[in-house]
Amino acid sequence: MRPSPRLSGWAIACLLVAALISLPVLRVLASLFQGFDDAWFHLVQTRMAGYATATALLAAATGVIAAATGVGTAWLVTMCRFPGRAVFRWALLLPLAVPAWLAAYAWTDLLQFAGPVRSWLRATPAVASLDGWFPEIRSLGGAAVILGFGLGPYVFLAARTAFQGQSGVAMELGRTLGRGPWGSFFHVALPMARPGIAAGLVLVLMETLADFGVADYFAVDTFATGVYRAWKSLESPTAAAQLASVLLGAVAVLVLAEGLARRRARHHAPTQRQAPLRPFRLGPLAASGAFLACALPVAVGFLGPALLFAHMTLAEGDERSREVLRTHAPRTLGLAAGAAALAVALALTVALGDRLRGSVLTGSARRVAGFGYALPGTVIAVGLLGPLAWIDLHLHRGAVRLFGTPTGLLLTGGVAAVVIGYQVRFLGVALAMIESGLGRVRRSVDDAARSLGAGGWRLTLVVLLPLLRAPLLAALLLVFVDVVKELPVTLMLRPFDFDTLAVRVYQLASDERLEEASSAALAIIGLGLLPVVVLSALLTRREERP
């Protein structure tokens with residue numbers, strides 16, 4: 001049972017971090033009480049039904065594709081033996097390295113009417129008739145395919161972990177009752193893994209609701225793109241915030257569903273001692289099907305985009321590669337490093353505050369601080385613009401009144417607003433990694449240090465921080481790469497003429513100049529590979545433990 005609330009220094013620090021994270025949410029909710037302008041009524045009459053329909057269909061289709069590919073491939077690499085299984089156990093994580101919007105740009109270039117694939121079809125008499133039946137890639141269905149294969153690793157990770165945690169005895173019992181390998185999958189393994197799979201699927205749906213790049217490029221009118229257009233085209237921050245509140249409600253429902261799935265998953269936790277799973281060997285035909293089923297997500301989510309951008313950069317030549325190396329890459333790396341270091345510092349403050357001075361206040365602040373990752377980038381940007389502009393205005397007036405010197409736009413006129421947006425968006429990532437590391441450090445370690453006279457700061461610096469080096473580095477790496485790939489927060493909060501790699505690729509792709517963005521896109525993919533390599537190594541190490 002937690003102690004009663006007490007305003008210690010740790011509690012105040014935790015509450016300040018929670019206030020920062022909740023700022024855009026409060027601003028969006030406050031917009032509902034400001035009255036509705038003409039832009040809002042225009043959206044309701046002409047766009048709202050389309051936004052709701054497109055968002056629901058895109059989320060449903062993406063969820064189906066991600067669930068089918070994620071669960072199916074997780075079962076194949078866990079319980080089946082076939083050529084390439086060892087490679088696919090880590091290769092199926094590679095789509096995480098490619099932002100979905102980059103994959104959308106790449107596959108559009110490959111599959112559009114003037115692209116190489118359809119040009120080859122028209123030039124080959126034997127298959128020329130297929131060009132007329134070729135589906136349009138820039139559509140809701142195309143967006144669902146790109147997002148489904150790109151986000152499938154979330155379900156793959158959840159399902160693979162759930163399957164590996166099951167006992168081989170349950171599989172053997174299923175077989176003794178007349179269930180074959182696939183019957184055991186549908187009637188034994190899948191029901192037991194359902195809570196974990198549901199948690200992974202909820203993450204996919206949250207990422208789909210938050211997606212801006214794919215929906216914007218494919219001209220799919222979702223709530224995320226609607227918020228951006230209401231802010232930019234209609235020039236109505238209030239209508240944009242009110243539209244964001246609808247998206248916020250959908251995210252809140254998914255957060256509740258994810259929490260319910262996690263609580264159910266606890267009741268299916270594996271025992272410490274259990275019989276190992278015994279993978280079965282597939283026949284030649286089934287092995288070929290398993291290989292193709294595992295290769296398809298890797299090809300769509302990673303190989304296709306990576307090879308295309310590599311070909312554009314190395315074979316065709318990117319005229320803007322020097323600009324990328326001299327300007328955008330250093331700017332992006334510096335911004336990502338600073339934002340990641342700040343996020344890790346804030347997350348460490350919240351996690352240690354709740355551990356060392358745990359109370360109702362610190363516990364509530366920790367839960368609020370981790371909520372930001374569920375917020376779409378467009379919601380964060382719209383929710384921060386108003387409060388930060390208000391702070392800028394009052395700082396300016398106060399400086400003029402006290403010192404006679406104007407301050408200008410300290411927050412919204414520089415990168416401070418962008419960094420604050422990154423904290424709201426990615427603090428939850430760092431907090432999850434640090435809390436996971438703290439969870440492995442027993443409370444008896446704290447008690448032993450205190451019995452030897454170590455106070456709060458000495459306990460933190462001498463005992464806890466050395467034990468958290470690996471989680472801190474992992475958190476720093478994950479936030480760093482997430483910042484590099486982030487698009488809507490950067491696009492909406494950046495100062496004038498401040499382009500990161502992601503923004504530059506977005507601008508050039510929107511102008512149909514993808515070749516000039518290839519080196520920047522390749523750099524983003526290369527950086528995105530770093531956490532995938534770390535995650536693959538951690539999973540391999542866990543599987544090799546006796």
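Trainee: At what angle do helix α14 and helix α20 pack, and how far apart are their axes?

Mentor: Two packed helices are described by the angle between their axes together with the distance separating those axes. In this predicted model, helix α14 (residues 321-356) and helix α20 (residues 469-485) pack at an angle of about 135°, and their axes are 8 Å apart. Because of that angle, α14 is oblique to α20. Their crossing is right-handed.

Trainee: Which residues make the contact between α14 and α20?

Mentor: On α14, the contributors include Thr-332, Leu-333, Ala-336, Ala-340 and Val-344. On α20, Leu-472, Ala-475, Val-479 and Phe-480 are among them.

Trainee: How many helices and strands does the protein chain have?

Mentor: The protein chain has 23 helices and two strands. Of its 546 residues, 50% are buried. Among contacts in the chain with a separation of 6 or more, 82% are between residues 24 or more positions apart. The accessible surface amounts to about 25400 Å², and carbon and sulfur atoms account for 65% of that area.

Trainee: Does Arg-85 count as buried or exposed?

Mentor: Buried means under 20% relative accessible area. Arg-85, which lies in helix α4 (residues 85-91), therefore counts as buried, with 14% relative accessibility.

Trainee: What lies 2.9 Å from a polar atom of the Arg-85 side chain?

Mentor: The backbone oxygen of Cys-80 lies at that distance. Leaving aside residues up to four places away in sequence, Arg-85 touches Leu-76, Val-77, Thr-78, Cys-80 and Pro-279.

Note on methods. Residues numbered from 1 in each chain as written. Predicted model: local features only at pLDDT ≥ 70, side-chain atom pairs only at ≥ 80, totals over all residues. Heavy atoms only, no water. Helix = DSSP H or I, 4+ residues; strand = E, 2+ residues; numbered from the N terminus. Buried < 20%, exposed > 50% of the residue type's maximum accessible area, 1.4 Å probe, protein only. Polar contact = N/O pair within 3.5 Å; in protein donor to acceptor, adjacent residues only side chain to side chain. Contact = heavy atoms within 4.5 Å. Areas by Shrake-Rupley, 256 points an atom, 1.4 Å probe, with all protein chains shown as cover. Axes fitted to C-alpha atoms, helices over the stretch in contact; angles between N-to-C directions. Parallel < 35°, antiparallel > 145°, perpendicular 65-115°, else oblique. Left-handed = near helix turned anticlockwise from the far one by under 90°.
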